[in-house]
Each structure stands twice: as C-alpha cells, then as structure tokens.
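Please report on the fold, the sheet, the helix and the core of this chain.

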Amino acid sequence: EELKVDMSKFAQSDSKDLKAADHKGQNLKATISGVSTRTYPARDDNPEQTKPVLAFEGKEKVMVVSPSNTKVLCDAYGVMDSDWIGHEIGLSTKEYEVGTGWIITPLDIEAPEFDDDLPF
C-alpha cells in the first residue's frame, strides 16, 4: 500500500532563530533589544564556539551573529554588548558557498564628514 503523507510539514522550521534562507532578497529593519551568547559544542574538526545572539524589539525570533557581522557591530556601536541595545540595523541576505547568510548594516550612525578641499 502506498503511503500518502503531506511532507510539507517537515519543511517548516520551528526554530526560534531568524534564518537568512527564509528571507532571501528581503531587506529588513530591526531594533536590537537584547544581546546574549550561545555556545555550540565542538564537532568534526571545529572547536567549541560561542557566538553573540541578538534579540529584537517586538520580535520572537533571535539572530545568531557571524564573526564578520560582530565586527560590523563593534565598529559601529562599540565592543560592549550593552552599547548595541536600542540601535536600529538593516538585515539583508547574501549567497555564500555554504548557504544564505545575513549582512548587517548599522542604520543609525552618522556618515563621516568629507573634506571638500582635496589636498592632492
């Protein structure tokens, strides 16, 4: 007898993480409401890793932050996690060899001033 099961329910993720693959081609805005960390156990050839996790105002899902996006946030808002809270960021997606990832853009920092008088 042939089984007939709707398999689409297995494609639904009940993850509490905001996944870039679920938002391909979208540009989202969010305000950081909290910062925590998550530790991933060592596996294969990778050592144990701890990564920042962002919570957002009015949102249930959280976002695990890559090292490159962590650098962006440190450069924009400072190295202390408490300094990131309350800032608005833009989230866009990028395709990498390993899958879809997030690109974080700080939205509430002032652009640097440029000098009109070119010294060259």
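The report below goes from the whole chain to single residues.

**Basis**

This is a predicted model, in which local features need pLDDT of at least 70, side-chain atom pairs count only at pLDDT 80 or more, and totals for chains, interfaces and linings use all residues. Residues are numbered from 1 along each chain as its sequence is written, and side-chain values use heavy atoms, with hydrogens and water left out.

**Whole chain**

The chain has 1 helix and 5 strands. Helices (H or I, at least four residues) and strands (E, at least two) are DSSP runs, numbered from the N terminus. Along the sequence the pattern reads β-β-β-α-β-β.

Of the 120 residues, 23% are buried. Buried means under 20% relative accessible area, exposed means over 50%, and partly exposed lies in between (1.4 Å probe, protein chains only). The accessible surface is about 9300 Å², and carbon and sulfur atoms hold 50% of that surface. Areas come from the Shrake-Rupley method with a 1.4 Å probe; for residues, only the protein chains shown count as cover.

Contact means heavy atoms within 4.5 Å. Take the contacts between residues at least 6 apart in sequence: 51% of them join residues at least 24 apart.

**The sheet**

The 5 strands form an open sheet in the order S3-S2-S1-S4-S5, with antiparallel pairing. Strand S3 (63–64) and S5 are the edge strands, and each pairs on one side only. Two strands pair if DSSP finds at least two bridges between them. The bridge counts are as follows.

| Pair | Bridges | Direction |
|---|---|---|
| S1 and S2 | 8 bridges | antiparallel |
| S1 and S4 | 4 bridges | antiparallel |
| S2 and S3 | 2 bridges | antiparallel |
| S4 and S5 | 8 bridges | antiparallel |

Ile32 stands opposite Phe56 in S2. Leu54 has Met63 in S3 as its bridge partner. Toward S4, Lys29 stands opposite Gly90, and Leu28 has Leu91 as its bridge partner. A hairpin of 2 residues joins S4 to S5. Tyr96 stands opposite Gly99 in S5.

**The helix**

Which residues of H1 are buried? They are Asn69, Thr70, Leu73 and Tyr77. These four lie on the same side of H1, because they cover an arc of only 105° around the axis. The arc is that of the directions from the helix axis to the C-beta atoms. An α-helix has 3.6 residues a turn, so residues three or four places apart point the same way.

The buried residues of H1 pack against S1, S2, S4 and S5. On the other side of H1, Pro67 and Asp75 are exposed. Just after H1, Gly78 takes a positive phi of about 105°.

**The core**

A nonpolar core is a set of buried Ala, Val, Leu, Ile, Met, Phe, Trp, Tyr and Cys residues joined through side-chain atoms within 4.5 Å. The largest one has 15 residues, and Leu54, Phe56, Leu73, Ile89, Leu91 and Ile104 touch the most other members. Two or more residues come from each of strand S1 (28–40), strand S2 (49–56), helix H1 (67–77), strand S4 (88–96) and strand S5 (99–106). In soluble globular proteins, nonpolar side chains tend to be buried together.

Not counting residues up to four places away in sequence, Phe56 touches Leu18, Ala30, Thr31, Ile32, Ser33, Lys61, Met63, Ile89 and Leu91.

**Two residues in contrast**

Thr31 lies in strand S1. Is Thr31 buried or exposed? Thr31 is buried, with a relative accessible area of 19%. Thr31 touches Ala55, Phe56, Glu57, Gly86, His87 and Glu88, not counting residues up to four places away in sequence.

Glu48 sits in the loop between S1 and S2. Glu48 is exposed, with a relative accessible area of 56%. With residues up to four places away in sequence not counted, Glu48 touches Thr39, Tyr40, Pro41 and Ala42.
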